[in-house]
Amino acid sequence: QVQLVESGGGLVQPGGSLRLSCAASGSISGINLIYWYRQAPGKEREYVALISRSGDTKYADSVKGRFTISRDNAKNTVFLQMNSLKPEDTAVYYCKTPLFPNTWGQGTQVTVSS
């Protein structure tokens, strides 16, 4: 099955920005929905954003207006542009498709701290 690999995380100050990438080992053109999730230490994994094949997007209330999800089907990559980052955004971020419900990657660590 297609493997999704997250990258682009790092340490940023509050108010800063990061751009996360989710690179697929195969074509994503046939995958309708791709999600970003995140999990902070000691907390449950939570939904962040989703994007459809046609480009329709939805966001969790906690990130709405600050994060933007996009996809480049030709490059088999999904992106998450994160602006105005807050300490509460600190988490490991994962990309996910319901086509592979039991498969999770290693994620990429985002730390927002001064």
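I started with strand E9 (residues 91-96), which pairs with E10 in the antiparallel sense over three bridges. To count as a pair, two strands need at least two bridges found by DSSP. Strands here are DSSP runs of E with at least two residues, numbered from the N terminus.

Before going on, I noted that this is a predicted model, where local features need pLDDT of at least 70 and side-chain atom pairs count only at pLDDT 80 or more, while totals for chains, interfaces and linings use all residues. Residues are numbered from 1 along each chain as its sequence is written, and side-chain values use heavy atoms, with hydrogens and water left out.

Which residue of E10 does Val 92 stand opposite? I found Gln 109 there.

Next I looked at E10 itself, residues 108-112. Its covered face has Thr 108, Val 110 and Val 112, and Gln 109 and Thr 111 are on the uncovered one.

E10 also pairs with E2, in the parallel sense over three bridges. Leu 11 stands opposite Thr 111 in E10.

Then I checked E4 (residues 34-39) and E5 (residues 46-51): they pair in the antiparallel sense over five bridges. Trp 36 has Ala 49 in E5 as its bridge partner.

Now the whole sheet. I read the order as E2-E10-E9-E4-E5-E6, six strands in an open sheet with mixed pairing.

Methods
Helices (H or I, at least four residues) and strands (E, at least two) are DSSP runs, numbered from the N terminus. Buried means under 20% relative accessible area, exposed over 50%, partly exposed in between (1.4 Å probe, protein chains only).
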